Amino acid sequence: MKRVRLKGLIPLVLFLVAFVVAIWLLLDPLVKWGVEDVGTELVGAKVDLASADVHLFKGSVTLNGLQVTDPAHPMTNLVQAEQIVADVSLAPLLEKKLVLDTVAVRGVRFGTPRKTSGALANPGPNTGAVARAVSDWADRMHLPSLSLAGLGQVVNVAAISPDSLTTLRQAKQIAGSADSAKTAWLESLTALNPKPHIDSAAALAERLKGKNIGTLGLAGARDAAQSVKRTIDSLTALDGKLKALQADVTQGVGRLQTGVTDGLAAARRADYAYARSLLKLPAIAAPDIGPALFGRMVTDKIAPLLYWLNLAQKYMPPGLAERLDPGPKRMRASGTDARFPREHDYPTFLLRFGEASLSLGGQGAAAGNYDARVTGVTSAPTLYGKPTTFTVSRTAAAVGPTSVRASGMLDHVRRPLRDSVDVSADGITLPTVQIGAFGATLDLGKGSSQLMLARTGDSLSARWVWHSNDVTWTRQGGSVAGAAGGAGIAQAAQEMLWNTISGLKDVQVEARLSGPIASPRLAIGTNVADAVSQSLQRQLGDKVKQAEAQVRARVDSLVASQVSAARSAVDSVRSTAQQAVDEQRAKLDQAKKDLESRLKSLVGGLPIGG
Amino acid sequence: MLLLKLLQSLIKTLNSEGTPGQVAAGIALGSVFGLTPLMSPHNLVIVALAMVLNVSFGGVMLGWALFVPVGFALDPVFNAIGTQLLVHTPALTPVWTDWYNAPVIALSRFNNTIVLGSFVFWVLLFLPLFFLARWGVGEYRERVYARLEKVRLFQVVKASKLYNLYKLFRP
């Protein structure tokens, strides 16, 4: 029987021809589906593509009508592009790698309205993970509030709950630690039991008082000298142990004393702050007022930048280690895709050079044409060996004497990641800020914005400055939020602050973020906060200080007895355990000295006694 | 309806003129379509082999149909095998790295744990399945077929138009 069926070649050829034709016909829809599917996974909201046109053998792909939904606003597009033309290298496709030599994007617009919602009905667990992480980051940022409502209220010191005071908890802890440490140290001293050794040494010294080689004879003096030396050796060994115990006790007592002085002082400050927060008194120092006024605006502006940087970190990781990603969606289990990058080979994705022309419409100051260029976007920066760079510059302004320039570099070639972004714009429309404490709205109008952001590993350092000399203050009316009836002081304070800030026509806000990305420190300096602070200090400083003194006194009275108990416990440790060890060491030292003196008398400089 | 077609396929294949060995080879080859993800490039090669080699095409279809549920059920096992080979066997990493960066081979999706795990499982299963199927078909034809031929339902199924179509590919 023949093992090969030659007539089977005919259906095989027919099948292969049908397969190739099917791929040919389906290539465009497949690319369209791929762009939409992968884009949606990345962004966390719908990505739509009108059509794709693939010319495989020419190495050309044209995408038409790309719309990327803004995940935060499903009826608005984050970005929209009329046409994207890419030149694709063919050889890497055989390795399932996409290398785009050039990409040209035309007709880019931002914030365009959508006809249908771009929200996802059933987002996957990984969909939009980066967007969620950044949103959580913005929510986690602790921003102080500036409220005048507390000014109208009676200072109710009874509201301060002892259970919430850190000082009480810490003082109890210190007292407990001191008691148990004292017990442990005294037990250790008892275990060493130095008294019999010291007494025996003292007795020997007493016995040998006045004795010498003449009274004891040579043999007697030699035996006595040997006995003295053995006792001295034994005392030396015991002294070593006592010394270690003494060091342990000294360190422990030092720690307890630090806990009492520094620890309890810090806890007391935290309790003052807690107690003060119950009164809802406004912060009157400028460094506290800045974040209260502009903190939300700053985090809202920084969050999108962090979104893109985190996205780049996720999809452009450094190193050549194998990577694991979820497999493709299918009816069966997806499994995991393992990637095995190798030096001098193509990365899975590489865009060597991309160029986009952007047009911002309307009559706003930012309207005009822009040119954006990007190089070296890749899924494996270590393989490509160069950082990703981008620049955006204005080529034609529609309105106003404005200049816009942005540049950046994402260096993911090796760890730590180094990202930097530098944006500078003049004559642009700045944000409008709601300031509830004053019942006012600040429209920053047209001005300049300068951002310098640098990220090294998990550390962030950013400085963003907005400046405008064309601000408009609008009063919203109504009373102080949260103030009950009789809030005359609060109302007066609001009036006074309104008079202060409404005169400001030149406003500068400088925000600085530094430290770990997950929880950076936010400092905001602004002349608005300076003016508010000065005004509050002038008008309300005495009242606020008076209220603060009341809450401090209440906190002090609540914690006084427990703090005193903690101090006593630490003093007791010092006076008993430490003193006991010191005493034993002193006695031992004396006995040792006596014996050494006897030894000198016994041998009289002769080489006897071993 | 699907069940009826499966039944038809089963009856016709087992009673075809192909030898038990041809039917068994078809079943063993066809099982790959059920065990491994269908849209995997290696299945194109198996299709070509099924057409060119002198195996029962009905057996191929039967193997496919029988092993689809098995494939779904064993996905966790395939994932474990694939993960062990791709991730937890450092000795194989140079091989995977070469393949991952080699033209055409990289298209095979071998770097997916389910694809690799199920394919390896199928390779290991191939010979035992072949011998088992060959023994089973022989036993069936010798002992069961004579009795089945007298059953009315069996005659109806056998007389259907699909049987004629199937005969075109019969060994």
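Predicted model: local features only at pLDDT ≥ 70, side-chain atom pairs only at ≥ 80, totals over all residues.
Trainee: What makes up the secondary structure of chain B?

Mentor: Chain B has nine helices and zero strands.

Trainee: How many of the residues of chain B count as buried?

Mentor: Of its 171 residues, 46% do. The label requires under 20% relative accessible area.

Trainee: Why is the pair A:Arg332 and B:Asp75 called a salt bridge?

Mentor: The side chains meet at 2.6 Å, N to O. The cut-off is 4 Å between a side-chain nitrogen of Lys or Arg and a carboxyl oxygen of Asp or Glu, so the pair qualifies. Between chain B and chain A the count is three salt bridges.

Trainee: Which helix of chain B gives the most to the side that touches chain A?

Mentor: Helix 3 does, with six residues. By class, that side of chain B has 25 nonpolar, 12 polar and three charged residues.

Trainee: How much area do chain B and chain A bury between them?

Mentor: They bury about 3200 Å², with 55% of it on carbon and sulfur atoms. In chain B, the residues that lose the most area to chain A are B:Met51, B:Tyr100 and B:Asn101, together 20% of what that side buries.

Trainee: How many residues does each chain bring to the contact?

Mentor: Chain B brings 40 residues and chain A brings 35 residues.

Notes:
Residues numbered from 1 in each chain as written. Chains lettered and ligands numbered in written order. Heavy atoms only, no water. Contact = heavy atoms within 4.5 Å. Buried area = accessible area lost by both parts, 1.4 Å probe. Helix = DSSP H or I, 4+ residues; strand = E, 2+ residues; numbered from the N terminus. Nonpolar A, V, L, I, M, F, W, Y, C, P; charged D, E, K, R; others polar. Buried < 20%, exposed > 50% of the residue type's maximum accessible area, 1.4 Å probe, protein only.
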